[in-house]
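Here are my notes on this entry, as numbered points. Please read them with the model open beside you.

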Amino acid sequence: MALVDLLLVVGVIAGVYSLLAIGMNMHWGDTGLLNFAHAAFFAVGAYTSAILTTPPATGDLATRVVGFDFPIVVGLLAGTALAGLVGVLIAVTSVRLEGDYLAMVTLSSAELIRLMIHNEAWLTTGAQTLKNIPRPLSGVVPVSYDIFYFVLVWTIVGVCYLLFTRLSHSPFGRVLHAIRENDDVPLALGKNITVFKLKSFGIGAAIAGLAGGLWAHYVYAISSIMFLPSITFLIWAAVIIGGAGSYAGAVVGASVIVFLRQITRFIPGDVPFGDQLAYIRLMVVGAVLILVLYYRPEGLLGDAERLQAGTSE
Amino acid sequence: MVLDPQLVWNGLVVGSIIAVSALGLTLIFGILNFINIAYGDYMAAGAYVAWAVNAQVGLPLGVAIVAGILTMSVGAVVLDKIVFQHFRTRSPITLLIVSIGLAFIIRNLIRAIWGPSGHFYDLPMEANPSFLGVRFSVEQVAIMVVSILLLLGVYALLRRTRIGIAMRAASDDRMLSRIRGVDTEKLVLYVWLIGGAIAGLGGIMLGLDAQLRPNMGFTALIPIFAAVILGGIGDPKGAVAGGYTIGVAQEVSVAVIPSEYKFGVGLVALIVGLLTRPDGLFGEATR
């Protein structure tokens, strides 16, 4: 594959991860909520869109009896909405908990959702791969499909970036920031902070769901092992490295991490430690995360003033 | 419903592993006040070092186990000096995120050195004996005995030794214990030595009961968290009780729910536990 094609593939992945990081930045950067369920929102979006846009499986070994063959737009929108709903549902039970407790409950909820995806074969094909997910406008686009999808994904990233930046500076966003700094102040002003936290959780989760849909329709086939908690941790690393509280930082952080991971593809296999490169890249991600936290805790593009927020015990 | 003794036995074995691991995690939390996401990877590292000494070097399993435990004990202290020490004054959330980075490093180091696929300890093949209709393996009996000995040992340490009493004091009220002259840095050193050793042991037990995988510790982390939280975060006695509760509940649940969902029991226990008794089984409101 030519270098340009590879770069396009990496670019599409970076776009999807950027959307995930934008959602996470709404939770942690703007509101100070420790969400460790992001992989689950990603999965809900991917599976919802996939199930809605494919027919039920046929044949003797078919396990999945549910499928709708709807247009892709329907799938993407429904995936976004359902992921947002799941986000709100998880948050309803847990959003009143203190920081690290919230982290534990959301992490567990995410694993519970993955367990269900893994086992409810009638709906999700279970442990097997859900295949033949249609690609939007496949065969119609006049340019190479990767170029088309790259532009599509990054257009959506651009729109989301503008939308979330504006939201962050709107009265709504300012209440979220106040919650992040100190729960008591917005409470004293008569704001229902629980409702604001639920909205923040729902919106951020919905964007993760949209990312999931875009991912599913790009890769044709999805399986439950794509949505391990390690995705959530990678997105955390992206937001922290980019700079919590900054949406530009979220996009940059996600792109840096994706390129760090995927750059392995550009290196020939016969270099020393060629087989281990994939693992070494992830070790580098871990090291970069720790170094950024030490030398530049506000991240690449983050605001140093935000640092004090959401960290009270 | 009649309880199947086999399921109860399985639950006690799994519970022993969770109880031991949860004890280490809760001790570290009690003194350092942050959730160490890399703890599961400490467990895996201990298990792999023991496997390397056992299967690759060819030494007896007993020697390998001691080597694995010692490596993680010293390893935890070294990692503290290299990483966590520099973040001592930062918020617990920062430390949690730092531990995510460390988890990436350890897990992928294991993958890079020993490969992504599974391994087994070099154990003599024996037919599993059965007693009163319960089939068990020698390793399972060893796991139970060792875990009970360890739990008693740690209990004695916390109750009878100066360092143990200092640990409990610092865990209760860090500020007050510092004012009363407890050397916090020395305490931190001991906590990592003990917590790291327990993590290594927990990982080895996990590997003895099933197989070794690079993400074995991380996968085990959720039931361990569930045990810690159910028992009241930072409370050693509670962590042990929580561990056995989760282990038995998880295995016995197989009688009524599909076995694929048994891992969900720990998750649900964690969520329900947090929502109903956020201060743990024996807890009083501390946070």
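1. Start with Tyr42(B). Setting aside neighbours within four places in sequence, Tyr42(B) is in contact with Asn36(B), Met72(B), Ala76(B), Leu79(B), Phe84(B), Leu102(B), Ile106(B), Trp192(B) and Ala199(B). This is a predicted model, and that applies to every point below. Tyr42(B) sits in helix H2 of chain B. Its relative accessibility is 0%, so Tyr42(B) counts as buried.

2. One distance is worth checking on screen. Tyr42(B) and Met216(B) are 174 residues apart along the chain, yet their C-alpha atoms are separated by 10 Å.

3. Next, the core. Which residues touch the most other members of the largest nonpolar core? They are Ile222(A), Tyr42(B) and Trp192(B), in a core of 196 residues. Tyr42(B) and Trp192(B) also touch each other. Among the contributors to this core, H1(B) gives the most, with 15 residues.

4. Helix H1 of chain B spans residues 5-32, and Thr26(B) lies in it. Is Thr26(B) buried or exposed? Thr26(B) is buried, because its relative accessibility is 0%. Leaving out residues up to four places away in sequence, Thr26(B) touches Val228(B), Gly232(B), Ile233(B), Gly234(B), Asp235(B), Pro236(B) and Ala239(B).

5. Now the contact between the chains. Chain A and chain B bury about 3900 Å² between them. Of that area, 78% is on carbon and sulfur atoms. On the chain A side, Tyr101(A), Met104(A) and Tyr279(A) lose the most area to chain B. Together these three account for 18% of what that side buries. Chain A brings 39 residues to the contact and chain B brings 42 residues.

6. What holds for polar pairing across this contact? The count of salt bridges between chain A and chain B is 0. Residue pairs in polar contact between the two chains number 4, with both residues at pLDDT 80 or more.

7. Which helices of chain A each supply at least two residues of the side that touches chain B? They are helix H4 (99-119), helix H10 (229-242) and helix H12 (277-295). H4(A) gives the most, with 12 residues. By residue type, the side of chain A that touches chain B divides into 25 nonpolar, 9 polar and 5 charged.

8. Asp41(B) lies in helix H2 (residues 39-56) and Arg107(B) in helix H4 (residues 92-114) of chain B, so the pair ties together parts that are 66 residues apart in sequence. Both Asp41(B) and Arg107(B) are buried.

9. A second bridge in chain B pairs the side chains of Arg88(B) and Glu185(B), at 3.0 Å from N to O. Arg88(B) is in the loop between helix H3 (61-82) and H4 of chain B, and Glu185(B) is in helix H8 (residues 184-209), so the pair ties together parts that are 97 residues apart in sequence. Arg88(B) is partly exposed, because its relative accessibility is 26%. Glu185(B) is also partly exposed, at 37% relative accessibility. Asp80(B) belongs here too: Asp80(B), Arg88(B) and Glu185(B) are linked in a network of salt bridges.

10. Chain A has a bridge to inspect as well. The side chains of Arg180(A) and Glu181(A) meet in a salt bridge, at 2.8 Å from N to O. How do the two partners stand for exposure? Arg180(A) has 11% relative accessibility, so Arg180(A) counts as buried. Glu181(A) has a relative accessible area of 41% and is partly exposed.

11. Last, Lys197(A). Lys197(A) is placed in helix H9 (residues 193-219) of chain A. Lys197(A) counts as buried because its relative accessibility is 11%, and buried means under 20%. Beyond residues up to four places away in sequence, Lys197(A) touches Thr31(A), Leu33(A), Val95(A), Ile179(A) and Asp183(A).

Key:
Residues numbered from 1 in each chain as written. Chains lettered and ligands numbered in written order. Predicted model: local features only at pLDDT ≥ 70, side-chain atom pairs only at ≥ 80, totals over all residues. Heavy atoms only, no water. Helix = DSSP H or I, 4+ residues; strand = E, 2+ residues; numbered from the N terminus. Buried < 20%, exposed > 50% of the residue type's maximum accessible area, 1.4 Å probe, protein only. Contact = heavy atoms within 4.5 Å. Buried area = accessible area lost by both parts, 1.4 Å probe. Salt bridge = Lys/Arg side-chain N within 4 Å of Asp/Glu carboxyl O. Polar contact = N/O pair within 3.5 Å; in protein donor to acceptor, adjacent residues only side chain to side chain. Nonpolar A, V, L, I, M, F, W, Y, C, P; charged D, E, K, R; others polar. Core = buried A, V, L, I, M, F, W, Y, C linked by side-chain atoms within 4.5 Å.
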